[in-house]
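This briefing is meant to be read beside the sequence and the coordinates.

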Amino acid sequence: MLFYTNILYLRSRLLDLWDNFDIYTTNGIIFALAILAFILVTSSLISTIIMRKNNKQRGVVVKVGGETGLAMRNARFDQLLEVPWEGATTIANLFEQACLKHENRRFLGTRKLIEAEAIEAEDGSGRLFEKLHLGEYQWETYAQVFDRVCNFASGLVVNGHHVDSGVAIFADTKAEWFIALQGCLRQNLTVVTVYASLGEDALIHSLNETQVSTLICDSMQLDKITAVRSKLATVKNVIYFAEDGGVSNTIAMDGLKVSSFYAIEKLGKNQPQRPRLPSKNDIAGVMMTHGNIIATVSAVMEVFPPIGRHDVYLAYLPLAHIFELEAEMLMLASGAAVGYGSILTMADTSSKIKKGTKGDASALQPTLMAAVPAILDRVRDGVLKKVGEKGGLAQKLFNIAYNRRLNAIEGSWFGAWGIEKLLWDVIVFKKVRSVLGGRIRYMLSGAAPLSRDTQRFINICIGAPIGQAYGLTETCGGGTFSESDDLTVGRVGPPLPCCYVKLVSWEEGGYLISDEPLPRGEIVIGGHSVTNGYLKNEEKTKEVFKVDENGMRWFYTGDIGQFHPDGCIEIVDRKKDIVKLQHGEYVSLGKVEATLISSNYVESIMVYADPFHDYCVALVVPSSSVLENCSEKFGVKYSSFSQLCDQVEAMNEVQASLLK
């Protein structure tokens, strides 16, 4: 209140002095001093508010069953959440109710392919690269998508799918992927999600292990399906997404009935079937129940910044991963628009975008997006590389602006606030933000730890808070979630309201809940988001899933965490990554990798240790751009990047960087 009163007083004095302002008069000097005082007091107020938010209690200790440990729940909720609203107990229920509630809003957007062109590489190698000319986004409303889902669900049954067997989706992320999923779940079918990048052997194993009878795939995967057809034991029907979204007749292929997605929709529209709606305990995807997935959605809705009808989400991560699936389910429940793209077409300068054509982000101008740290690291490295290439005044200006904003974000009232912040945004950061469309107001990161530098880069250059989510497939992505007003780095937030998070001491590794100043131990998650276990692997299920005396399921993650006083958790190690070397020394492979990957020369790295030796080895994929830029310093000639990697000078340079 005192700060607020001071601001109002200074504001009134500034207005009084403005009319008679003259820099060479006493009033002018007073006016200048008043401005300085106003800035100082305002900055102090803002930094004080930030510190208060960062110090608030986000998780509280709770007594629960199961193995002895230190357990936390979300501070805002006394009871664990199961549903976002009454009646939305399954994905099918949630989808139908959301479509009815938001029926006239735009929902799924896709860019129309105008032209695909093969461009020859500039290096004279004769290699051809596909470049795409994509149009603006074309939208379908919630009501239109609901009709398509109903048609596809009916078409599956009419086409001969056995209702007691599963369906596999083997395709890149797109609107039809989401529609296919919802159609399957409307008939209470279990869905197996398969990464589009999977090789033949892994594909065969996935389909045979889950005994699916219908496979949904991209048209480009048909050749792969033909090649492995003789080894598929249960697949009878193949439904493919036509690249142009057009019509295709049903055809036979070596004993398989092959149909286009459009043909199945048309079949269902002409012969509608009654839905077989699931219950919350039915399996939606191996081995997740509808209730598991809905619990995570309902919890994230409570801690995510409010989503409105004007929000647009850029979808490009694999829908086969629970992280992207939960994100799109969140948008569905909130009535937001979802525009589909790909990592190869995201930016105006992306590898598959034809020069002069907008990338997905420029065309969509999203307000929300999710990303994995590897992608965010690339964005950061790309921007910093361009800034470095410009050099001179541009680089100095960027560094000044970045450091001023960094000070402010980390709570210092000597940083850039208010008008100065807006000035830097316009002069320096506006161009950076245009890479992702210029309207991002919130980002979500998951699947791996996010580095401090990258987190601050997003905060400053993209101008948005970034929430870190921690969860696993075994918990439907439900675990913890950092809140938007928490600007600390290196943490993944308090428990989600759908689950408890417990630390259990691991004495062999030296991580104990009695450790000071912060209790440490293996992270164990219990609650509504914990799945039923592993398909056809009872031994593994019994090893990491436990049911306590109250009937609650707990999953032992194998990750090592520590609780901060406010109830937020920090991931500090990985139980399975710790190897004891020949002389008894414990080495955390994850920590070593995390340290070495900070070298500018490293694109990716894998560390390996054998308990029969007293040392570790690392497989390093070097950054081609950084290594090539340093080739002049080596004084060596090369005709290809692989040849450059063989040069002694190059190897010595990379090794020196790793040792440093």
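E538 and K542 are both exposed, where exposed stands for over 50% relative accessible area, buried for under 20% and partly exposed for values in between (1.4 Å probe, protein chains only). The side chains of E538 and K542 meet in a salt bridge with an N to O distance of 3.2 Å, a salt bridge being a side-chain nitrogen of Lys or Arg within 4 Å of a carboxyl oxygen of Asp or Glu. Because they are four residues apart in helix α16 (residues 538-544), E538 and K542 are separated by about one helical turn; helices (H or I, at least four residues) and strands (E, at least two) are DSSP runs, numbered from the N terminus.

This is a predicted model, in which local features need pLDDT of at least 70 and side-chain atom pairs count only at pLDDT 80 or more, whereas totals for chains, interfaces and linings use all residues. Residues are numbered from 1 along each chain as its sequence is written, and side-chain values use heavy atoms, with hydrogens and water left out.

**Overall composition**

- The secondary structure of the protein chain comes to 21 helices and 27 strands, and buried residues make up 48% of its 660 residues.
- Among contacts (heavy atoms within 4.5 Å) between residues at least 6 apart in sequence, 65% join residues at least 24 apart.
- The protein chain has an accessible surface of about 32300 Å², of which 54% belongs to carbon and sulfur atoms; such areas come from the Shrake-Rupley method with a 1.4 Å probe, and for residues only the protein chains shown count as cover.

**Further salt bridges**

- A search of the whole structure finds 32 salt bridges, one of which joins E410 to R456 with the closest N and O atoms 3.3 Å apart.
- That pair links distant parts of the chain, since E410 is in the loop between α13 (392-409) and α14 (418-434) while R456 is in helix α15, 46 residues apart; E410 is partly exposed at 39% relative accessible area, whereas R456 is buried at 4%.
- D559 forms a salt bridge with R574, the closest N and O atoms being 2.9 Å apart, and because D559 lies in strand β22 (residues 553-563) and R574 in strand β23 (residues 569-574), the pair ties together parts that are 15 residues apart in sequence.
- D559 is buried, with a relative accessible area of 11%, and R574 is partly exposed, with 22%.

**The network around E483**

- A network of salt bridges links K56, R58, E483, D485, D486, R491 and D566.
- E483 is found in the loop between β18 (480-481) and β19 (499-504), and it counts as buried because its relative accessibility is 9%.
- Not counting residues up to four places away in sequence, E483 touches K56, R58, R76 and P494; its C-alpha atom is separated by 6.4 Å from that of V303, 180 residues apart along the chain.

- Eight strands form an open sheet with mixed pairing, in the order β4-β3-β14-β13-β15-β16-β17-β18; two strands pair if DSSP finds at least two bridges between them.
- The edge strands, each pairing on one side only, are β4 (128-141) and β18.
- Helix α4 (residues 142-158) packs on the sheet and touches β3 and β4, its direction making about 105° with that of β4; axes are lines fitted to C-alpha atoms, for helices over the stretch in contact, and angles run from 0 to 180 degrees between N-to-C directions.
- Strands β3 (residues 106-120) and β14 (residues 337-340) run parallel and are joined by two bridges, with G339 in β14 as the bridge partner of G109.
- Helix α5 (residues 175-186) lies across β3 and β14, running at about 135° to β3.
- In helix α3 (residues 91-101), I91, A92, N93, L94, F95, A98 and C99 are buried, and what covers the buried residues of α3 includes β3, α4 and α5.

**Backbone geometry**

- Most residues other than glycine have a negative phi, and most peptide bonds are trans.
- A cis peptide bond joins V286 and M287, with omega about -20°, and another cis peptide bond joins E516 and P517, with omega about 5°.
- A447 has a positive phi of about 80° although it is not a glycine, and A447 counts as exposed at 60% relative accessibility.
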